[in-house]
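Trainee: I am new to this structure. Please take one part of it and go through that part closely.

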Amino acid sequence: MEDLHGLQNRLAILTFDRMPSGWSRATSVFVNVGVSSRLQRAVLTASGMTFGPPADLAEWQAWKDLRVLMSDADHGAWFTGRLQVESSGAYRFDFDWETEPQWPVQVDLEGNIVQSERVETQQLRDDLQRYPRDAETTPEWLIQRLAANPLRFVDAWQPGLAPLANSENWVIVRDMIRDAIQAGSDDAGVAVEATQVAEVVSSELVGSTRVGQVVRLCREASEGGLIGFRPGSTADAAEPTSAALDDDEVLRVNVEALMSPLVALAGQELLNAR
């Protein structure tokens with residue numbers, strides 16, 4: 001069986017092989033929770049910073065194998081792995097076992113996740129079942145996320161919302177809605193209404209997305225016949241949505257229109273909760 005050093009060396013070589021010509025430094029960030037994983041990277045070249053290329057299957061599998069090999073019966077498994085490489089051949093790994101993971105959308109050369117998406121609570125629960133931790137090594141945030149008596153949700157889409165089922169972006173929003181419903185539940189059951197859930201998620205979207213992400217949500221909702229999409233936004237796609245709303249009326253109108261499908265989706269998930 002390949003040892004830790006051998007697997008890390010193989011993964012570094014696979015990463016080197018993915019680099020574009022003229023590169024000098026690169027950082028890959030790999031996040032794995034439950035059965036889901038994502039990898040993003042930043043690469044410094046002579047012409048500037050790039051954010052690719054994507055990992056190939058061999059590189060992806062090597063990261064997963066590394067996590068399995070490093071897992072511990074008491075400490076579980078790390079959530080986030082970082083690999084910094086240089087064109088000279090030097091490389092360095094770093095693993096985070098404690099910090100609450102985020103799905104990376106964009107990273108920088110230092111390995112910071114500068115744009116992210118939320119990890120669903122159920123994915124954390126699945127991960128803990130696969131890689132158990134003892135009480136002393138379970139961080140407080142994880143205990144809070146995995147509150148007692150969790151709700152279960154059936155995967156049923158109402159006909160009017162069915163077009164969103166094929167959108168990865170809207171499935172993520174649905175997971176945010178489920179988390180909000182879970183947070184608003186207690187031993188007596190669900191204690192929130194669809195409008196309250198939608199308001200919480202709308203606020204999270206405005207606070208955590210870039211303009212390009214929220215515009216994609218609007219376009220996909222429009223293509224599904226759920227809202228009308230107003231073109232003409234002048235905001236930069238990479239700008240935080242919260243900052244762009246102050247100066248872009250078109251973007252503000254589109255974001256406000258999202259409240260309708262958010263309420264409908266929250267209503268659906270309240271019915272799906274068990």
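Mentor: What follows is a look at the sheet and the helix lying across it, and then at one pair of helices. The model is predicted. Its open sheet is made of five strands, ordered β3-β2-β1-β4-β5, with antiparallel pairing. The edge positions belong to β3 (48–50) and β5 (91–96); each has a single partner strand, so one side of each is left without a neighbour in the sheet. From one strand to the next, the twist averages 15 degrees.

Within this sheet, β1 (residues 23–33) is joined to β2 (residues 36–45) by 10 bridges in the antiparallel sense. One of the residues to look at is A26, whose bridge partner in β2 is V43. Helix α1 (residues 4–18) lies across β1, β2, β4 (80–86) and β5, and runs at about 115 degrees to β5.

Now the helix pair. Two packed helices are described by the angle between their axes and the distance between those axes. For α6 (residues 194–208) and α10 (residues 259–272), the axes come within 8 Å and cross at roughly 125 degrees. Angles from 65 to 115 degrees count as roughly perpendicular and those over 145 as roughly antiparallel; α6 and α10 are therefore oblique to each other. The crossing of α6 past α10 is right-handed. On the α6 side, the contact includes A194, V197 and L205, among others, and on the α10 side it includes M259, L262 and L270. The residues of this contact between α6 and α10 comprise 10 nonpolar, three polar and one charged.

Technical notes
Residues numbered from 1 in each chain as written. Predicted model: local features only at pLDDT ≥ 70, side-chain atom pairs only at ≥ 80, totals over all residues. Heavy atoms only, no water. Pairing = 2+ DSSP bridges. Helix = DSSP H or I, 4+ residues; strand = E, 2+ residues; numbered from the N terminus. Axes fitted to C-alpha atoms, helices over the stretch in contact; angles between N-to-C directions. Contact = heavy atoms within 4.5 Å. Parallel < 35°, antiparallel > 145°, perpendicular 65-115°, else oblique. Left-handed = near helix turned anticlockwise from the far one by under 90°. Nonpolar A, V, L, I, M, F, W, Y, C, P; charged D, E, K, R; others polar.
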